[in-house]
Amino acid sequence: MRLRAFLAAGVAGAAVVTAAVALAPAASAQANNESFVTLVDVSAQRALIADDVAAFKFNTGGSIEDPAREQVLLDSVADQSTQLGVDPAVAQAIFRDEIDGNKIVQYGLFDLWTAHPELTPTEWPDLTTVIRPELDKITTELMDQIKATSDLQVAKNCGEQLDAATNVVEQRRNLDRLHSQALHHALARVCHS
């Protein structure tokens with residue numbers, strides 16, 4: 001009788017240890033996922049602000065392409081990277097994709113508004129005084145997240161974790177197809193080895 005109780009206790013104890021070991025990777029994966037969720041959410045904010053950028057440019061006759069402004073951003077990112085201890089090449093690659101993702105939204109909206117002028121916004125914030133300061137704030141937040149997730153970016157399961165986080169953000173922010181496409185493009189080089 002005592003032997004059975006001892007064995008039962010041993011089996012129960014082994015089950016608890018096995019369950020704890022099984023939960024540890026899941027908890028770790030969830031923590032990684034949550035770390036990427038913040039980075040992805042900041043990137044999504046950048047994709048969403050592209051609507052205002054597009055409205056300003058479309059209504060004022062501005063060009064979507066602005067290589068000089070893009071270079072200013074990439075140079076700033078390189079400087080911030082050095083200060084944060086992040087590889088400037090990695091940060092610049094991520095921001096190049098962020099810029100191109102933003103342009104996906106702008107081109108998509110330009111096409112929509114050209115085909116359906118009645119959908120063109122009649123009001124929009126100023127690019128210099130409202131939109132760019134918001135973009136600068138997002139740039140700082142995104143740089144902080146690039147730093148915070150640097151270990152995750154080179155992990156073997158980075159792609160899986162990033163995809164899971166992206167799905168979470170797409171659902172939370174209820175992104176449409178255009179903004180989802182831009183977000184996926186913007187995150188294309190977050191995982192690297």
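Reply: Rings of Phe, Tyr and Trp, the last taken by its six-membered ring, count as a pair if their centres lie within 6.5 Å, and planes over 60 degrees apart make the pair edge-to-face. The model is a predicted one. By that definition the structure holds 2 aromatic pairs.

One of them joins Phe58 and Phe110, with 5.0 Å from centre to centre and 80° between the planes, an edge-to-face arrangement. Phe58 belongs to helix H1 (residues 2-60) and Phe110 to helix H3 (residues 88-115), so this pair ties together parts that are 52 residues apart in sequence. Phe58 is partly exposed, at a relative accessible area of 25%. Phe110 is buried, at 15%, because the limit for buried is under 20% relative accessible area.

Phe58 also pairs with Trp113: the ring centres are 5.4 Å apart and the planes stand at 65°, so this pair is edge-to-face. Here too the link is between distant parts of the chain, with Phe58 in helix H1 and Trp113 in helix H3, 55 residues apart. Trp113 is buried, with a relative accessible area of 6%. Through these ring pairs, Phe58, Phe110 and Trp113 are linked into a cluster.

Now the setting of the cluster. The protein has 7 helices and 0 strands, and the pattern along the sequence reads α-α-α-α-α-α-α. Buried residues are 37% of the 193 residues. Of the contacts with a separation of 6 or more, 84% are between residues 24 or more positions apart.

In soluble globular proteins, nonpolar side chains tend to be buried together. The largest nonpolar core in this model has 28 residues, and those that touch the most other members are Phe36, Leu39, Val40, Phe95, Ile146, Leu187 and Val190. Helices H1, H2, H3, H4 and H6 (158-173) each supply at least two residues of this core, and H1 gives the most, with 6 residues. Val40, leaving out residues up to four places away in sequence, touches Leu162, Ala165, Thr166, Val169, Leu183 and Leu187. There is also a second, separate core of 10 residues, which includes Ala47, Ala50, Val105 and Leu109.

Helices H1 and H3 come up again at the largest pocket. This pocket holds about 390 Å³ of space. It is lined by 20 residues, and the closest to its centre are Arg46, Arg69, Leu73, Arg132 and Leu135. The elements that give two or more residues to the lining are H1, H2, H3 and helix H4 (127-148). H2 gives the most, with 6 residues. By class, the lining has 7 nonpolar, 5 polar and 8 charged residues.

Helix H2 (residues 67-84) also contains Ser81. Ser81 is buried, with a relative accessible area of 0%. Neighbours within four places in sequence aside, Ser81 is in contact with Val86, Asp87, Pro88, Ala91 and Met143.

To return to the part you asked about: the cluster consists of Phe58, Phe110 and Trp113, linked by ring pairs.

Notes
Residues are numbered from 1 along each chain as its sequence is written. This is a predicted model: local features need pLDDT of at least 70, side-chain atom pairs count only at pLDDT 80 or more; totals for chains, interfaces and linings use all residues. Side-chain values use heavy atoms; hydrogens and water are left out. Helices (H or I, at least four residues) and strands (E, at least two) are DSSP runs, numbered from the N terminus. Buried means under 20% relative accessible area, exposed over 50%, partly exposed in between (1.4 Å probe, protein chains only). Contact means heavy atoms within 4.5 Å. Rings of Phe, Tyr and Trp (its six-membered ring) pair if their centres lie within 6.5 Å; planes under 30 degrees apart count as stacked, over 60 as edge-to-face and the rest as tilted. On a 1 Å grid over the protein atoms alone, a cavity is a set of points where a 1.4 Å probe fits but cannot get out, and a pocket is an open set with protein on both sides within 12 Å along at least five of seven lines; lining residues have an atom within 4 Å of a point. Grid points are joined across faces, edges and corners, and a volume is the space filled by probe spheres set on the points. Ala, Val, Leu, Ile, Met, Phe, Trp, Tyr, Cys and Pro count as nonpolar, Asp, Glu, Lys and Arg as charged, and the others, Gly among them, as polar. A nonpolar core is a set of buried Ala, Val, Leu, Ile, Met, Phe, Trp, Tyr and Cys residues joined through side-chain atoms within 4.5 Å.
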